[in-house]
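Visitor: I'm new to reading structures. Could you walk me through a few features, one at a time?

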Amino acid sequence: MAPPDKEPPSLEDIDARLRRAREKELPGDGLKTPSSNLGRAFTLAVEMAAALAVGGGIGWYLDKWLDTKPWLLVVLLIIGFAAGVKNVMRQVNRINVEIEKQERDAAEQAQSERQKNERQKNERDQG
Amino acid sequence: MALASEVGTAVEATGTHAAEAAAHGGEKHGLLDQFKIDRFVDIDLGFDASFSNSSAMMVATVVLISLFMIVGLGRRRLIPGRMQGMVEATYEMVARMLGDTVGGKGAKRAFPMVFSLFMFLLFGNLLGLIPYAFTFTSHIVVTFMFAAVIFIGVTLLGLIIHRHHFFSYFAPSGVPIFLMPVLVPIEIISYIARPISLSVRLFANMMAGHTILHVFGTFIAGLAFFGFLPFGFMVALYGLEILVACLQAYVFAILTCLYIRDAIHLH
């Protein structure tokens, strides 16, 4: 809470000041999604391997249980492979959305920068 | 600066280890020794519940997070100071993450859980980078337990909200009925694969990073004078590891958010 003896600055005022300070200190969003290409590639590999492992694992266990060696293992490995491809594709779509968002943000930022520069230039010319 | 000194100690540590090993004649420091569990207090509850270096690091993590939050929010100011700013930044980050994915009332309800999870993993990953510290996230038991709890919780959440409609999640819409016997098992396996990919991603990243750091530490000790070459690389690698530590905690948390969203909204 603000001290009662002093009139606190209005929230709008603080917000405007914060935004100004942020613009000065942090180009763009301060809490940008951290991402690296290596991490993305690794994610895809793990996604594929996990689905294969689950498919193979279930197949192996069912084979042991139902005594159908090796047929269910083969079938479920293939299904696991398909599931892996599906997961990888979903992940790739997610990454694409992320990249597009980053590019859009960068473009927006460049534009606002340009506008700011122009404004400053105009002010200088007038002054 | 802090980074440089940390790397310095890490390098010194490796050096002394090598010297010690030489002195003791044959005491080896294997590549994976840093992941060994040391039991401090043996507790047997029918299963092994010993207090180990891993448990100690978890306790330290919880204590540090509590301190971070308590100190940061000790003097609640309208205009935050440095500590309060840090706490608020983490809060805002998780809140935004949840708002973007889950949204609405679900985001509010899931916040405490996702926030604790994110902070625990973030602090655990970062504390593990301190020389001599143990990284509990480099053990798949730990990460898999987290992933399993999330998996079971999210599945129950979906079942409670949607009852039997939840199973329509495994039947993609707009697909001819004769393809269902093929597609449903694929969907189920891809669903079950979630906790595995979630846990393996975090565990493999942390373990690989720490092993690479160890390898380069050995290079520095082994190359004597020319050790400054891998030393330079190690400084960069340490920076990368700090990024990976934050990134993996973030990825774990955001995937949890996505799973919660899937359970609430189905697709």
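Guide: B:R163 sits in the loop between helix 5 (140–162) and helix 6 (180–223) of chain B. Helices here are DSSP runs of H or I with at least four residues, and strands are E runs of at least two, numbered from the N terminus. This is a predicted model, where local features need pLDDT of at least 70, side-chain atom pairs count only at pLDDT 80 or more, and totals for chains, interfaces and linings use all residues. Residues are numbered from 1 along each chain as its sequence is written, chains are lettered from A and ligands numbered from 1 in the order in which they are written, and side-chain values use heavy atoms, leaving out hydrogens and water.

Visitor: What is the phi of B:R163, and is B:R163 buried or exposed?

Guide: Buried means under 20% relative accessible area, exposed over 50%, and partly exposed in between (1.4 Å probe, protein chains only). B:R163 has a relative accessible area of 59%, so it counts as exposed. Its phi is near 50°, a positive value in a residue other than glycine. In chain A, A:D67 also isn't a glycine, yet has a positive phi of about 60°. You'll find A:D67 in the loop between helix 2 and helix 3 of chain A.

Visitor: How do I read aromatic pairs, and how many are there over all chains?

Guide: You describe a pair of aromatic rings by the distance of the centres and the angle of the planes. Rings of Phe, Tyr and Trp (its six-membered ring) pair if their centres lie within 6.5 Å; planes under 30 degrees apart are stacked, over 60 edge-to-face, the rest tilted. The whole structure has 17 such pairs over all chains. One of them is B:Y169 with B:Y191, edge-to-face at 5.7 Å centre to centre and 65° between the planes. B:Y169 lies in the loop between helix 5 and helix 6 of chain B and B:Y191 in helix 6, so the pair ties together parts 22 residues apart in sequence. Both B:Y169 and B:Y191 are buried.

Visitor: And which residues touch the most other members of the largest nonpolar core?

Guide: In soluble globular proteins, nonpolar side chains tend to be buried together. A nonpolar core is a set of buried Ala, Val, Leu, Ile, Met, Phe, Trp, Tyr and Cys residues joined through side-chain atoms within 4.5 Å. In the largest one, with 50 residues, B:V94, B:L98, B:V114, B:F118 and B:M119 touch the most other members. Helix 7 of chain B gives the largest share of this core, 16 residues.
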